[in-house]
Amino acid sequence: MDIESRIRYALKYPFNGEESKYKPILIGGLFVVLSPFIIPFFTVFGYQLRVYEASIEKKPRPEFSGILSLTKEGFIATLALVPAFILVGIFTSAPNILATAGVAPQSLTSLVTFFLVILSTFISPIFLAIYVDTRSFSDTYDLTRVFSILKNRDYLLQMILFSLLSGLLQIAAVFGSLFLITIPFVSIFVVIVSSAYLGDMFRPYLDQTR
């Protein structure tokens, strides 16, 4: 799918369900409002995973239903991905730690840190995509598969494009959230669009590395 088609696909995806067009946005928006209470955050994350998975499998947008199941999925996924977040955090902070310890000059470590932060933005989404694809803790950390995707030049280009589009989507979301009451519904819309886009984008890379 070319970039223009993928954008259109992702923007239409929140309304491309087998049942109500607006139910996931309305219910999801309410859970976004409640997400500071932690548990609803897992519910929203669980739904995000389902959207991601449905997009990978070329299925219509899933309904926002089975709240307990969604919450469980979001919680388990968070636990499964915590090591990846910690690993990336250590990876990107290591140069600063060395500079603080006086092992390396600050000028050098700043440059290395910048490079590692950029690199981590390409690596982190791969762990999430593989988890969604496998729903397996051990398979998520299949580094052979991770680096096989990472070294694909097309993937790097696609992630750069996604980062630019994500920035534009966030700017558009600001204008769509001019009224306080609309913020949670715009937020869940952005979550669904981004997940649908990434699911479609990652599909060929996941297929190639299975």
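**Close-up views of a predicted model**

**View 1. Ser 55 and the residues around it.** Ser 55 is found in helix H3, which covers residues 39-56, where a helix is a DSSP run of H or I with at least four residues, numbered from the N terminus. This is a predicted model, in which local features need pLDDT of at least 70 and side-chain atom pairs count only at pLDDT 80 or more, while totals for chains, interfaces and linings use all residues. Residues are numbered from 1 along each chain as its sequence is written, and side-chain values use heavy atoms, with hydrogens and water left out. Ser 55 has a relative accessible area of 0% and is therefore buried (under 20% relative accessible area, with a 1.4 Å probe and protein chains only). Leaving aside residues up to four places away in sequence, Ser 55 touches Tyr 9, Tyr 13, Ser 195, Ala 196, Gly 199, Asp 200 and Arg 203, a contact being heavy atoms within 4.5 Å.

**View 2. Helix H8, residues 153-176****.** The 24 residues of H8 should span 34 Å at 1.5 Å a residue, and this agrees with its end C-alpha atoms, which are 34 Å apart; the expected span is 1.5 Å times one less than the number of residues. Among the buried residues of H8 are Tyr 155, Phe 162 and Ala 173. At the start of H8, the backbone nitrogen of Asp 154 has a side-chain oxygen of Asn 152 within 2.9 Å.

How values were computed:
Helices (H or I, at least four residues) and strands (E, at least two) are DSSP runs, numbered from the N terminus. Buried means under 20% relative accessible area, exposed over 50%, partly exposed in between (1.4 Å probe, protein chains only). A polar contact is a pair of N or O atoms within 3.5 Å; within protein, one must be able to donate a hydrogen and the other to accept it, and residues adjacent in sequence count only if both atoms are side-chain atoms.
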